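Here's a quick briefing to read alongside the model. Have the sequence and the 3D view open as you go.

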Amino acid sequence: MEEREEQEGLPIPDIFLNSDTKGPLTNCIQCDHDLTLGERFYMIEKVFKRYPQLESTQVLFEYAVCSECYERMREGLSKESMANLSAYMMTNTDFEAMQMRMQTYPDDPEKWLSHCMIKGMPKEELTEFQMGACFKGDRLVTNFMPPFMIGNVAMEEMNELLSKETKDEMDGFMDENFGIPPELRKDLVLI
Ligand SMILES: [Zn+2]
């Protein structure tokens, strides 16, 4: 009997590819670890800005970070801020709607990301949104955390839950990696 080897997980959705090269993001932004080796889990986060009048959406920034650096970054953030963030997400996320989208389109993760998972607003009504997902090698990993999309309204609320020191940490990360000034960092909350 021949055993069919099935690769676990879905391939990387186009929306999570490098927006310049259209290929995968290959290296951890912090330690440069080669993510294509598939040795470590990694997160991709992207922030988009919509220009409704121009009917265009631009990527403000995007990065991949390996599990080890991700853990280290989170440890560097204040416990209180992280607890506030998870409590906010646990109580405000519309898990039912998310589950429904996943069940309706099991093979099309981009459709899971059609609405803000917290406010339920469709992407078309948002001026900015942030997306994130977990991967290993060239596969999407959904068992720890499904891919998420969060719109500007929820991002602003989440930002207000952060302590001054956490904001400073996040500002430092953005400045160091992208040369992004603190007043723009509010567009990204590290999750
Ligand atoms: Zn790393």
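What follows covers the pairing around one strand, then one helix.

This is a predicted model, where local features need pLDDT of at least 70, side-chain atom pairs count only at pLDDT 80 or more, and totals for chains, interfaces and linings use all residues. Residues are numbered from 1 along each chain as its sequence is written. Helices (H or I, at least four residues) and strands (E, at least two) are DSSP runs, numbered from the N terminus.

**Strands around β3**
- Strand β1 (residues 41–51) runs antiparallel to β3 (residues 128–136), with nine bridges joining them; strands count as paired if DSSP finds at least two bridges between them.
- Glu45 has Gly132 in β3 as its bridge partner.
- β3 also pairs with β5 (residues 148–151), antiparallel again, through four bridges, and here Met131 partners Met149.
- Three bridges link β3 to β4 (residues 139–141), also antiparallel, with Phe135 partnered by Leu140.
- β3 and β4 make a hairpin with two residues between them, and Gly137 in the turn has a positive phi of about 55°.

**Helix α5**
- Asn152, Ala154, Met155 and Met158 are buried in α5 (residues 152–160); buried means 20 or more other C-beta atoms within 10 Å of the residue's own, with C-beta atoms placed from the backbone.
- Seen down the axis of α5, these buried residues fall within an arc of 155°, so they line one face of the helix; the arc is taken from the directions from the helix axis to the C-beta atoms.
- The buried residues of α5 pack against α2 (79–92), β3 and β5, where contact means C-beta atoms, placed from the backbone, within 7 Å.

Methods:
A residue is buried if 20 or more other C-beta atoms lie within 10 Å of its own, exposed if 12 or fewer, and partly exposed in between; C-beta atoms are placed from the backbone. Two residues are in contact if their C-beta atoms, placed from the backbone, lie within 7 Å.
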